[in-house]
Amino acid sequence: MPQLRSGLWQSNSHNESYGPWFKKTKLIGWWSSSKQLQQELQAAARPEYDIYQFGVYTGGTMRSIAKKVRGFGHLWGFDSFTGLPEETEGQMLEGKHWRQGGFSAADALGTYDEDALLQAITRQINRPNTTLIRGYFNESLSAALAARHRFRPALLVDVDVDLHSSSVHVLSWLLGHGLLVPGVTYVRYDDWRREGQWWGEAIAHKQMTDAYKLRWRRLNLKEYQLLSIDAPPADAAAVEAIKRRALEGPEEARRKRSAVDRARRRRAAGAEQVGRGRGRRPSSPHDRIV
Ligand SMILES: C[S@@+](CC[C@H](N)C(=O)[O-])C[C@H]1O[C@@H](n2cnc3c(N)ncnc32)[C@H](O)[C@@H]1O
């Protein structure tokens with residue numbers, strides 16, 4: 001029986017590795033989508049359209065999605081279940097909890113037997129026609145996977161993978177296999193938090209929008225319906241090339257990042273002079289960039 005690796009997520013040294021957030025969060029119990037999205041999904045749901053969640057953790061939001069939308073086909077969840085991989089080199093992390101191994105479901109539930117863990121999470125989601133697919137996206141999201149399962153057009157793609165690199169793998173795989181369908185598919189990004197965001201899921205969305213010449217109807221900052229795909233790549237090599245370019249990271253993000261790094265070094269130098277212990281307590285993991 002495959003054994004998963006154990007890490008420091010929610011261990012005694014959680015705070016040192018990941019900061020204080022999510023130390024005890026074994027289950028994220030809500031899917032914070034807009035009412036408008038929920039209503040439109042409900043109106044459009046058909047058994048021939050599926051829902052895809054990327055970033056399952058312990059299954060809380062998959063369970064919540066299944067309660068809020070009825071009448072669609074299969075529910076698919078994709079995750080390593082051993083937490084985040086490393087981000088694309090040089091890309092911003094929103095907080096320490098986005099470091100490698102953050103959000104390891106195996107650590108959170110203390111279950112390292114793969115079959116037992118997936119069964120526990122499937123029970124948690126509690127919906128028939130649900131399949132969990134384990135693996136890091138750069139390996140698991142392959143042509144072989146697409147051939148193995150009967151994936152159908154996406155009614156909804158819920159992206160809760162935090163990182164830029166992960167989001168690029170997700171979007172390019174879906175686009176490369178024709179699972180995003182104009183006029184049908186909605187995409188929601190959990191970690192798109194503000195206008196002009198230049199890290200994580202938001203940057204991947206913009207890169208893929210440019211590469212495939214996608215047009216969207218915007219419901220709000222986080223939620224979009226696909227209207228058209230004007231530049232489908234001709235073949236798998238084209239998809240790989242788009243993915244490689246996207247993972248190199250956009251110039252603008254690189255420029256802003258080095259400005260932030262310089263400011264951070266200046267602040268650290270200043271803090272050293274005024275002494276320790278005067279740090280402001282961060283109010284939320286999402287209010288600051290570590
Ligand atoms: C914030 S958590 C998701 C929370 C989840 N939606 C819930 O209901 O609790 C992010 C998840 O994305 C997964 N993830 C991110 N990037 C990944 C990748 N490249 N491959 C596999 N899993 C990934 C992590 O393992 C983690 O479980």
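Of the 21 residues around the ligand, Ile28, Gly55, Tyr57, Thr61 and Ser166 come nearest. A residue is taken as near a molecule or strand if its C-beta atom, placed from the backbone, lies within 6 Å of it. The shell around the ligand has 11 nonpolar, 7 polar and 3 charged residues. Here Ala, Val, Leu, Ile, Met, Phe, Trp, Tyr, Cys and Pro count as nonpolar, Asp, Glu, Lys and Arg as charged, and the others, Gly among them, as polar.

The model is predicted: local features need pLDDT of at least 70, side-chain atom pairs count only at pLDDT 80 or more, and totals for chains, interfaces and linings use all residues. Residue numbers start from 1 along each chain as its sequence is written.

The protein chain holds 11 helices and 7 strands. These are DSSP runs, numbered from the N terminus: helices are H or I with at least four residues, strands are E with at least two. The protein chain has 290 residues, of which 39% count as buried. Buried denotes 20 or more other C-beta atoms within 10 Å of a residue's own, exposed denotes 12 or fewer, and partly exposed lies in between, with C-beta atoms placed from the backbone. Among contacts in the protein chain with a separation of 6 or more, 77% involve residues 24 or more positions apart. Two residues are in contact if their C-beta atoms, placed from the backbone, lie within 7 Å.

Helix H8 (residues 164–176) packs against helix H9 (residues 200–212). The angle is about 35 degrees, and the axes are 8 Å apart. Axes are lines fitted to C-alpha atoms, for helices over the stretch in contact, and angles run from 0 to 180 degrees between N-to-C directions. H8 passes H9 in a right-handed crossing. A crossing is right-handed if the near helix is turned clockwise from the far one by less than a right angle, and left-handed if anticlockwise. H8 contributes His164, Ser167, Val168, Leu171, Ser172 and Leu175 to this contact. H9 contributes Gly200, Glu201, Ile203, Ala204, Gln207, Met208 and Tyr212. By class, the residues of the contact of H8 with H9 divide into 7 nonpolar, 5 polar and 1 charged.

H8 also meets helix H10 (residues 236–248). Their axes come within 10 Å and cross at roughly 160 degrees. H8 is therefore roughly antiparallel to H10, a label for angles over 145 degrees, whereas those under 35 count as roughly parallel, 65 to 115 as roughly perpendicular and the rest as oblique. The crossing of H8 with H10 is right-handed. On the H8 side, the contact involves Ser165, Val168, Ser172 and Gly176. On the H10 side, Ala236, Val239, Ile242, Lys243, Ala246 and Leu247 take part. The contact of H8 with H10 comprises 6 nonpolar, 3 polar and 1 charged residues.

Two residues other than glycine have positive phi values. Phenylalanine 81 has phi near 65 degrees. Phenylalanine 81 sits in the loop between strand E2 (75–79) and helix H4 (105–109). With 27 other C-beta atoms within 10 Å, phenylalanine 81 is buried. Asparagine 126 has phi near 60 degrees. Its place is in the loop between helix H5 (114–125) and strand E3 (130–134). Asparagine 126 counts as exposed, with 12 C-beta neighbours inside 10 Å.

Several residue pairs are separated in sequence. Leucine 93 lies in the loop between E2 and H4. It is partly exposed, with 19 other C-beta atoms within 10 Å. Leucine 93 and glycine 200 are 107 residues apart in sequence, yet their C-alpha atoms are 7.6 Å apart. Aspartate 113 is found in the loop between H4 and H5. Its 14 C-beta neighbours inside 10 Å class aspartate 113 as partly exposed. Not counting residues up to four places away in sequence, aspartate 113 touches Met1 and Gln3.

Tyrosine 189 lies in strand E5 (residues 186–189). With 22 C-beta neighbours inside 10 Å, tyrosine 189 counts as buried. Leaving aside neighbours within four places in sequence, tyrosine 189 is in contact with Val159, Glu201, Ala202, His205 and Lys222. Leucine 227 belongs to strand E7 (residues 223–229). Leucine 227 is partly exposed, with 13 other C-beta atoms within 10 Å.
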